[in-house]
Amino acid sequence: RAKAEGRGTHRFYESGMGAEVRGRRLMEHELRTAVARGEMSLVYQPQLAVATGTIVGFEALLRWNRPAHGFVSPALFIPVAEETGTILQIGDWVLRTACAEAAGWRVPLRVAVNVSAVQLHAPGFADSVEAVLAETGIDPRRLELEVTETALIRDITRALAALTRLKQLGVKIAMDDFGTGYSSLSNLRAFPFDRIKIDGSFVQSVDANQQASAIVRAILELGRGLDLAILAEGVETKAELGFLGAELCDEVQGYLLGRPAPIETFAAATRGEAADLGTLAA
Ligand code: C2E
Ligand code: MG
Ligand code: MG
Ligand code: MG
C-alpha cells in the first residue's frame with residue numbers, strides 16, 4: 001500500500017519491524033494529514049459555578065475520527081503527535097477552531113483549551129496565540145489555556161516567559177491535573193496561574209474517602225491562600241458535588257454536569273437560555 005501511494009510517501013513498513021512499531025509509524029503518518037483531511041473535531045464539556053449552578057465556560061477536547069479505527073482517545077494520539085512535532089499543527093488548529101467557535105456564542109463564556117508542553121516550549125507560541133485572538137476577535141479574557149505541571153518543567157524559563165506574555169495579553173492560565181505532577185507548590189508560586197484544576201482522581205469518591213477529602217480540602221485552602229480559583233474535574237456523583245459545594249469549591253466539571261459533546265448540544269447555554277445544575281444533573 002505504501003508503494004501504491006507513490007513517491008514522497010513516507011515508508012512506514014520496513015521488513016523486520018515489529019507490529020507495534022509499525023502501528024506507531026502508521027499512526028504518526030496518519031496524524032500528519034489528519035487536520036487537512038478534516039478528521040479532527042472538538043467536543044466541549046461545560047464548567048459550572050457551584051454557587052449559581054450556571055455554566056461559566058467550556059473546555060474544548062480534541063477528537064480524532066481515524067480512518068478504519070473510529071474515534072481514538074487523545075490520551076493515545078497526543079503523545080505520538082508530541083513526539084513527532086505534529087502537535088504544533090494540530091494544537092494550532094485546536095486553538096483557532098475553539099476561538100472561532102467561541103466567537104460565535106451569543107454569551108461571552110470562557111473557552112478553555114489544552115496546551116501541550118511541546119507547544120508551550122515552541123518559539124513563537126505566544127505570538128501564535130495573539131494572532132488567533134486577533135483573527136477571531138474574541139476577548140482574550142475569555143480564553144483560558146490549560147497546562148500541566150509536567151509541561152512546565154521542561155524548560156522553566158521558557159515556559160514562564162511564554163505564560164507571562166500570554167497573561168499580559170489578558171489570557172487566563174489554568175494548572176490542569178493538579179496533584180498528579182511534580183513540585184506543584186513551587187510551580188504555583190512561580191507561574192502566573194488564575195486557576196487550579198483538581199485532578200479527577202482526587203475528586204472520585206471525595207465524599208466517602210478520607211484521604212481524597214483531606215487532599216481536596218487542602219487544595220481548596222491553598223487556592224484561597226494564593227487567591228487562585230479552584231475547579232474540580234471529573235465530578236460524577238451528586239455526593240461528590242455536595243461535598244465540593246459544602247467546601248466552597250468555585251467550579252465543577254464532570255459527567256454529572258455534562259459529558260463532552262458537540263457545542264450544539266449546549267446551544268441553550270451559549271445562547272443565554274442557561275440551564276442550571278438541577279436540569280443538567282437530572
Ligand atoms: P484533561 O484536559 O484533564 O481532560 C479531562 C478528561 O477527563 C477528558 O478526557 C474528559 O472527557 C474526561 N472527563 C470529563 N469528565 C469526566 C468524568 O466525570 N469522569 C471521567 N472518568 N472522565 C471525565 P479526554 O477528552 O479523553 O482527554 C484526555 C486528555 O487528553 C485531556 O485531559 C488532555 O490532557 C488531552 N487533550 C484533550 N484535548 C486536547 C487538545 O486539544 N490538546 C492537547 N494538547 N491535549 C488534549
Ligand atoms: Mg484539560
Ligand atoms: Mg485534567
Ligand atoms: Mg488529564
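Arg-63 counts as partly exposed in this predicted model, at 22% relative accessibility; buried stands for under 20% relative accessible area, exposed for over 50%, and partly exposed for what falls in between (1.4 Å probe, protein chains only). The place of Arg-63 is in strand S2, with strands being DSSP runs of E of at least two residues and helices DSSP runs of H or I of at least four, both numbered from the N terminus. Its C-alpha atom is separated by 29 Å from that of Arg-158, 95 residues apart along the chain.

A word on conventions: as the model is predicted, local features need pLDDT of at least 70 and side-chain atom pairs count only at pLDDT 80 or more, while totals for chains, interfaces and linings use all residues. Residues are numbered from 1 along each chain as its sequence is written, chains are lettered from A and ligands numbered from 1 in the order in which they are written, and side-chain values use heavy atoms, with hydrogens and water left out.

Arg-63 also turns up at ligand 1. Of the 20 residues around this ligand, Arg-63 is among those that come nearest, together with Asn-114, Asp-176, Glu-236 and Tyr-255; to be near, a residue needs a heavy atom within 4 Å of the molecule. An oxygen atom of the ligand is 2.9 Å from an N or O atom in the side chain of Asp-176, and one is 3.0 Å from an N or O atom in the side chain of Glu-59. For Glu-233, a polar side-chain atom lies 3.4 Å from a ligand oxygen. Taken alone, ligand 1 exposes 800 Å², and the protein buries 77% of that (Shrake-Rupley areas with a 1.4 Å probe; for residues, only the protein chains shown count as cover).

Ligand 1 sits in the largest pocket. Here a pocket is an open set of points on a 1 Å grid over the protein atoms alone, with protein on both sides within 12 Å along at least five of seven lines, and a molecule sits in it if more than half of its atoms lie within 2 Å of its grid points. S2 (55-66), helix H2 (74-84) and S6 are the elements giving two or more residues to the shell around the ligand. The biggest share comes from S2, with four residues.

Glu-59, which lies in strand S2, counts as buried at 3%. The side chain of Glu-59 also makes a polar contact with the side chain of Gln-253 at 2.7 Å, a polar contact being a pair of N or O atoms within 3.5 Å; within protein, one must be able to donate a hydrogen and the other to accept it, and residues adjacent in sequence count only if both atoms are side-chain atoms.

Asp-177 in S6 (residues 172-178) and Glu-233 in the loop between strand S8 (229-232) and helix H11 (238-246) bring together distant parts of the chain, 56 residues apart. Asp-177 is partly exposed, with a relative accessible area of 24%, whereas Glu-233 counts as buried at 13%. Asp-176 bridges the two ions, ligand 2 and ligand 3, which lie 4.1 Å apart.

Backbone angles give two further spots to look at. Most residues other than glycine have a negative phi. Ala-68, by contrast, has a positive phi near 65°; this residue is found in the loop between S2 and strand S3 (70-72) and counts as exposed at 87% relative accessibility. Phi of Ser-205 is positive too, near 60°. Ser-205 lies in the loop between helix H9 (200-203) and helix H10 (210-226) and is partly exposed, at 33%.

Terms used:
1 Å grid on protein atoms, 1.4 Å probe; cavity = no way out; pocket = protein on both sides within 12 Å on 5 of 7 lines; lining within 4 Å. Donors = N, O, S within 2.8 Å, 3.2 Å for Na, K, Ca; no water.
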